[in-house]
Amino acid sequence: MHHYSFAHFVITVAYQFLPNWLCRTMTISLSILLLLYLFCTQSKTVGILDADVYGPLVPKLMNRKGNPELTDSSRLLPLVNFGIPCMSMGFLVEDVAPPIVWRGLMVMSAIEKLLRQVDWGLLDYLVIDMPPGTGDDQLSITQNVPIAGAVIVSTPQDIALLDARRGAEMFRKVNVPVLGIVQNMSVFQCPKCNHQTHIFESDGARSLVDTLGVQLLGDIPLHLNIREMSDSGQPLVSSPVSPEAEAYRKVATAVVQHLEELSN
């Protein structure tokens, strides 16, 4: 039996009817901000695992390149930036390599390797960023490690919320607590006139929160700064006074508080 040196595993997963790169960027941004919040304000040791085998984005968003080194026991050493150890399939394949085309068993094997054959050291939290779905990827994670909780990220429109509900119900079936829902891209504010437009409907996630009986962890706006900083590999907390960074901090605070409530 494998023993893990973690106090908490936390999953973040996005259900958004949008282009894949945008969904993943927003979700990993949330993951990284949660990590930095824990690392900077609570002196916690934290790491991030990018569990999207087909479309790994942590190397881009964490602004790291290169292959992991091996320990004397042939375990992978995570790459570190901003004080955060991170691991991704993107570190194990070339940037210009052909797309990964694997069947389910191969994907499950890769995820298990990222979980079991990485020398994370002593961590208080490992945040696992996952693609949407209720299949082999998600089940492989939940069946291999004790997950402290899952954060569901969804845009407010009905078609995204349908999948978000399925995801929440899947985690419940495998006895993973749903920490709550984050309403992503909740509003667009015009940078010139400050007029607010709810492009993807308004307050859609709030109705799902009531249905599932979970918390609404917060709202993340649709903002140019989020996209620009994600593309440049800079966490939003590097401009801490911005309203969008404050929105992420509120979500991170709610996640941490809920984890503490569950552990007590």
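Contact means heavy atoms within 4.5 Å.

## Basis of the model

This is a predicted model, in which local features need pLDDT of at least 70, side-chain atom pairs count only at pLDDT 80 or more, and totals for chains, interfaces and linings use all residues. Residues are numbered from 1 along each chain as its sequence is written, and side-chain values use heavy atoms, with hydrogens and water left out.

## Met87 and strand β4

Not counting residues up to four places away in sequence, Met87 touches Ile48, Leu49, Asp50, Pro68, Leu76, Leu77, Pro78, Leu114, Val118 and Trp120. Strands (E, at least two residues) and helices (H or I, at least four) are DSSP runs numbered from the N terminus. Five of the five residues of strand β4 (residues 84–88) are buried, so the strand is largely enclosed by the rest of the structure; buried means under 20% relative accessible area with a 1.4 Å probe, protein chains only. Ile84, Cys86 and Ser88 point one way from β4, and Pro85 and Met87 the other way.

Two strands pair if DSSP finds at least two bridges between them. Strand β2 (residues 46–50) pairs with β4 in the parallel sense over three bridges, while β3 (residues 79–81) pairs with β4 in the antiparallel sense, also over three bridges. Cys86 is the bridge partner of Ile48 and of Leu79.

## Helix α6

The buried residues of α6 (residues 204–212) are Gly204, Ala205, Leu208, Val209 and Leu212. They fall within an arc of 140 degrees seen down the helix axis, so they line one face of α6; the arc is that of the directions from the helix axis to the C-beta atoms. Their cover includes α5 (158–173), β7 (178–189) and β9 (216–222).

Key. Buried < 20%, exposed > 50% of the residue type's maximum accessible area, 1.4 Å probe, protein only.
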